[in-house]
Structure formats: structure tokens, C-alpha cells
Amino acid sequence: MWDPNKYLAFADHRGRPFYELLSRVDARSPRRVVDLGCGPGNLTVSLAERWPDAVLEASDSSPEMVEAARERGLDAGRQDVRDWTPKPDTDVVVSNATLQWVPEHRELLRRWPAQLPSGAWIAVQVPGNFDASSHAVVRDLASSDRWSRLLPDAPFRESKVVDDPTDYAGLLADAGCAVDAWETTYVQQLTGENPVLEWITGTALRPVKDALSTPEWDRFREELVPLLDEAYPRRPDGSTFFPFRRIFVVAQVQ
């Protein structure tokens, strides 16, 4: 289950890639703008502000996130991104930090250009940090003898969850798009007690939490603390540097 409040605890850090992604979308007067994986809607509202004359279509697979988005005034619906089909007037499709949860997302990126009108934009951002220490520590702990029985389906056991920018550029170019793809590693300066644990609790650890009882989840978190502290030592000023790689793809249908 997604916790919108936990996710929003790092809203500034999570929001920056969204705005940098959208800065490369040069749609002037889109008819319909779609946000697939809108989350709590805090970023989606900026799409309505940028394109006030467009129909805004927002969806998420999490009922908790949809409820939070509706509380912001968005007409958000619950939908699995794999089930989405663009309406004929769709001119902008945005998916921010969502497709990494969808193993079939490469097929979706091949399919969408053929379903969209000429000139439409596809803007996608996914985390590219599955080789990072934060995920390696979780994978190792989840695979250990004491946890593997309880977590047989823990996510991200393999690091090849997403591709490199070049791979996505090739995929979308072959699908008939002009493509702009890049990656950025943000050195995020986090504060507070166990900040990296709190960060991944709002995202990568969500399925782990869902699979465990409350006492088991508390114990799993406790075991993660020293491992993450070693991987991400606290600085003398009390903050923690947390490098985070993200992959961006902006494509225009030709």
C-alpha cells in the first residue's frame, strides 16, 4: 500500500526531476495532457497550470494516491498503466517515476507512438539507481536465509529493472519518434534520523512492507539501519549525501 504522506516527505527532491523532464516538452497548445502514475497529484497540478486549456487526464494504480490526488482537486482515476489507451486527442503523455514498476514498460513505449497523433509528446522519467548501495543492501537482506522465506517475491532482486538512456532512445526512434534522452545523478543532501531508510520506505520498500507483518516489518527496518549507515555515512554537519541516478526520455511522434 502506498503512503502519500511518506512519499511527500521528500517532495522537493522527488519533484525536481519532474520539472526538468517537462522543461524539454515543447508542446504549445495540447488538447489532452495525460499523467500516468500521478501519485498524490502534487506535481500533476502543475500540468494544469502550464496548459490550462488542455483536458487533464490523471491516473494511478494506488487507491490511496488517487484519493490524495482528488483531494487536490484533480479528476484522477484508478488505472493500471498497462491498461491505458490514448484517446485520439492526446498530445502529451507524462509518466514520472512509474514505469520502473512495470516489467512490460518497454512494450508500452513501443506501442504508444503508433496510437498517438503525429506531433504528440511522450515524457518519461525512471529511477536508474537499482545498482546503488541502497538497493543492493535491501536485495542482500531480503535474500538472506532469515528473510527469503517471508519475501520470496521481493522486488528489484535484479538490477536490470530499467535500461540506459541509449536503449530507450533506440527503442523510441525505431518506433518513429524524434528522441531526447539523458541521465542525471543528483547528489541529494538529506537530513534527519536514518534519512536514506525513510526515503526508500516511501518507494522501494513498499512491497516489502506489504509482505510482512508489523513486527516483521519493524525488525526488517531495524536490520537495515546499520547497513545503510555504513553505505551512506553521516557527514560532520549531520546531513547525509544520497546520490540518485535518474533516466529521462522525451520523444515526439513524427
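In which helix does Arg221 lie?

Modeller: Arg221 lies in helix H11, which covers residues 214-231. This is a predicted model, in which local features need pLDDT of at least 70 and side-chain atom pairs count only at pLDDT 80 or more, while totals for chains, interfaces and linings use all residues. Residues are numbered from 1 along each chain as its sequence is written, and side-chain values use heavy atoms, leaving out hydrogens and water. Helices (H or I, at least four residues) and strands (E, at least two) are DSSP runs numbered from the N terminus.

Let's start with the residue itself. Arg221 counts as buried because its relative accessible area is 18% (buried is under 20%, exposed over 50%, partly exposed in between, with a 1.4 Å probe and protein chains only). Leaving aside residues up to four places away in sequence, Arg221 touches Leu197, Glu198 and Thr201, where contact means heavy atoms within 4.5 Å.

Helix H11 also has a packing partner. Helix H6 (residues 133-142) packs with H11 at an angle of about 140 degrees, and their axes are 10 Å apart. The two are therefore oblique to each other (under 35 degrees is roughly parallel, over 145 roughly antiparallel, 65 to 115 roughly perpendicular, the rest oblique). On the H6 side, Ser133, Ser134, Val137, Val138, Leu141 and Ala142 make the contact. They meet Phe220, Glu223, Leu224, Leu227, Leu228 and Ala231 of H11.

Now for the sheet elsewhere in the model. It is an open sheet of 7 strands, in the order S3-S2-S1-S4-S5-S7-S6, with mixed pairing. Strand S3 (76-78) and strand S6 (177-190) are the edge strands, each pairing on one side only. Two strands pair if DSSP finds at least two bridges between them.

Take strand S1 (residues 32-36): 5 of its 5 residues are buried, so S1 is largely enclosed by the rest of the structure. Arg32, Val34 and Leu36 are buried on one side of S1, and Val33 and Asp35 on the other, which leaves both faces covered. S1 pairs with S2 in the parallel sense over 5 bridges, and Asp35 has Ala58 in S2 as its bridge partner.

Another pair runs antiparallel: strand S5 (residues 121-127) is joined to strand S7 (residues 240-253) by 7 bridges. There, Pro127 stands opposite Arg246 in S7.

Notes
Axes are lines fitted to C-alpha atoms, for helices over the stretch in contact, and angles run from 0 to 180 degrees between N-to-C directions.
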